[in-house]
Amino acid sequence: MAMAEFPLKLSAGWLRDQYRSGVLTPETVIREIIRRSQEDQELNIWIEPPDYGRILPYLEAISHLDREDYPLWGIPFAVKDNIDVQGFPTTAACPQFSYIPDRHSSVVERLVGAGAIPVGKSNLDQFATGLVGTRSPHGAVHNALRPEYISGGSSSGSAVAVARGQAVFSLGTDTAGSGRVPAALNGLVGYKPSLGAWPTLGVVPACASLDCVTVFANSLEEALLVDRQVRGLDVSDPWSRSIPRQADRRPARLLFPAEPLGFYGPHEEEYRLAWQAAGDSLKELGIPVEYVDCTMFFEAASILYDGPWVAERWAGLGAFVENNRASVLPVTEQILSSGNGERHTASSLFQAMHRLQEYKAKSRELLQDAVLVMPTCGGTWTREQVELNPVGANSDMGRYTNHCNLLDLSAVAVPAGEAAQDLPFGITLFALADSEHLLAGMAGLYLGASGLEDTELAGKVETADTAATVQQYTTIAVCGLHMQGYPLEKQMTGHGAYFWRESRTAPCYDMIRLQTAPAKPGLLKKARGGASIQLELWKMPVQSVGAFAALIPAPLGLGKVELEDGSEVIGFICEGYAEAEAENITASGGWRYA
């Protein structure tokens with residue numbers, strides 16, 4: 001395949017389509033990624049760059065697998081270099097700290113088990129201490145769109161690898177905002193799950209009680225695809241907990257800060273206008289809006305570095321720093337060593353914990369069935385400007401992020417246009433730890449209304465000479481034998497479709513059992529009564545829908561199905577005459593339970 005035919009940004013949907021058609025192989029994709037990484041060497045994206053010899057065992061491992069059984073088969077991803085990948089050095093951007101793990105971190109193990117291919121270890125702010133992306137002995141990671149600007153940290157390389165088309169998705173970590181700030185500055189989605197929802201075993205700790213593994217992707221769909229593979233309790237991880245995802249749903253309320261927000265940097269006014277524009281777009285989506293006092297969020301944020309949690313960083317890394325001060329960057333050493341101060345006593349720790357407990361209680365009440373929206377960051381700088389004010393700039397970048405993990409919130413950072421030419425602007429949606437489904441519902445609604453996620457990010461092949469859409473996907477709702485694990489699933493995959501996520505209908509449907517062989521369900525919308533029925537949402541190439549529909553026997557067919565969030569998608573429906581001779585199984589809640 002000619003190199004110019006690769007899209008500038010890679011997506012899982014586009015790659016799956018190319019693999020199924022035989023146009024591409026994972027080996028060809030890896031060689032293109034290696035070429036791109038070499039071309040972008042001056043951007044300082046990688047600590048361990050993509051290398052064919054290291055990647056070959058993963059290519060060989062998936063070559064024996066049925067790609068339809070593995071949701072991430074052949075999908076390349078980058079890993080922040082404070083997350084263990086077996087056989088790759090883990091350095092946390094400090095060469096003296098380097099070790100070679102004998103097993104994968106839990107998240108990497110789950111992704112590899114789903115067929116994904118780790119391609120390299122990405123650059124970061126040393127020991128994940130920073131939000132600017134300039135604090136690495138391997139060089140500051142350049143912004144993906146305007147190299148003279150900062151990339152955001154600490155997961156800088158992970159974000160830029162995705163934005164520059166060297167991975168479909170990447171793993172970062174987030175303690176103070178490191179999984180969100182780089183997303184905003186590079187035009188990506190940054191998904192930060194609830195604390196413990198993804199295991200952190202095999203991650204070099206920053207603040208172990210607050211650390212999260214996160215994902216950067218070009219679309220919300222792909223971030224949630226990764227979430228489905230890695231979410232779940234790991235009994236060997238003391239910080240892991242079970243937080244099942246509910247079906248995506250829009251929140252009852254959308255919360256905005258009542259107080260005027262502060263912006264900063266050389267593009268302060270442009271950021272302010274971008275925030276106003278994003279707010280106007282959100283307010284047009286039909287979700288009731290409330291303005292709330294956000295003082296407690298800002299006060300909680302101040303605890304992270306001005307309070308005793310910086311001592312937790314010292315507890316994890318202090319011994320290494322004391323014995324290897326020459327190998328630690330001065331700004332990193334200054335921050336870590338501040339955790340060894342006399343002011344961080346046991347008494348001050350408990351005082352801060354008690355304050356946070358009050359804030360958590362208030363935030364749980366405030367955020368019931370609600371999503372809070374803030375700018376992901378309030379400005380940006382060139383790398384030269386950050387060098388003149390490294391601590392102050394870093395502090396500003398965390399203004400709207402630092403509260404999140406301290407208050408046990410989940411968050412998703414999404415693109416929201418541009419503040420200036422090639423300077424992306426982003427917003428973050430916050431929800432309670434058990435309400436990530438509200439984030440997905442709200443983010444999907446906003447991105448869809450903005451025209452940013454109407455279809456799977458599937459392949460704009462953009463070169464100097466061409467810009468053409470390779471593939472577009474539409475959503476298909478299935479509720480019976482076409483679901484995962486059932487006999488007709490192969491009709492879905494045979495038409496190029498792939499599973500997206502579980503969902504439910506609006507509470508106005510009956511499900512019947514048709515007297516066919518084998519038995520099939522029928523979904524009927526009711527004028528009165530009915531219930532919410534479990535189903536699956538799949539993504540199918542638009543051009544395949546007609547051929548697929550032709551295979552569906554009466555009384556079934558394709559029509560509009562209303563989901564519980566009020567949106568409508570194409571899905572299986574049943575003609576009303578079939579109800580007379582069928583068994584009503586609505587009470588089961590879905591075909592899997594009938």
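## Terms and basis

Helices (H or I, at least four residues) and strands (E, at least two) are DSSP runs, numbered from the N terminus. This is a predicted model, in which local features need pLDDT of at least 70 and side-chain atom pairs count only at pLDDT 80 or more, while totals for chains, interfaces and linings use all residues. Residues are numbered from 1 along each chain as its sequence is written, and side-chain values use heavy atoms, with hydrogens and water left out.

## Overall form

The chain has 18 helices and 21 strands. Its radius of gyration, taken over C-alpha atoms, is 24 Å, close to the 25 Å that the globule rule (2.2 Å times the number of residues to the power 0.38) gives for 594 residues, so the chain is as compact as a globular protein of that length. Along the principal axes, the C-alpha atoms fill a box of roughly 80 × 55 × 45 Å.

Of the 594 residues, 60% count as buried; buried means under 20% relative accessible area, exposed over 50%, and partly exposed in between (1.4 Å probe, protein chains only). Contact means heavy atoms within 4.5 Å. Among contacts with a separation of 6 or more, 75% come from residues 24 or more positions apart.

## Nonpolar cores

A nonpolar core is a set of buried Ala, Val, Leu, Ile, Met, Phe, Trp, Tyr and Cys residues joined through side-chain atoms within 4.5 Å. The largest such core holds 133 residues, and Phe 169, Met 397 and Ile 427 touch the most other members. Helix H16 (residues 436–449) gives the most to this core, with eight residues. Leaving aside neighbours within four places in sequence, the contacts of Phe 169 include Leu 72, Phe 77, Leu 111, Val 162, Phe 216 and Val 226.

A second, separate core has 36 residues, including Ala 477, Ile 512, Phe 548 and Leu 556. In soluble globular proteins, nonpolar side chains tend to be buried together.

Phe 548 lies in helix H18 and is buried, with a relative accessible area of 0%. Apart from its neighbours within four places in sequence, Phe 548 is in contact with His 482, Gln 491, Met 492, His 495, Met 540, Leu 558 and Phe 572. Between Phe 548 and Cys 207 there are 51 Å in space, C-alpha to C-alpha, and 341 residues in sequence.

## Backbone exceptions

Most residues other than glycine have a negative phi, and most peptide bonds are trans. The bond from Ala 517 to Pro 518 is cis, with omega near -5°, and Pro 518 is found in the loop between strand E16 (509–514) and strand E17 (520–525). The bond from Ala 554 to Pro 555 is also cis, with omega near 10°; Pro 555 sits in the loop between helix H18 (545–549) and strand E19 (556–562).

Asn 44 is not a glycine, but has a positive phi of about 60°. Asn 44 belongs to the loop between helix H2 (26–39) and strand E1 (46–48) and is partly exposed, with a relative accessible area of 21%. Phe 127, likewise not a glycine, has a positive phi of about 55°. The loop that holds Phe 127 runs between strand E3 (117–122) and helix H5 (156–163), and Phe 127 counts as buried at 3% relative accessibility.
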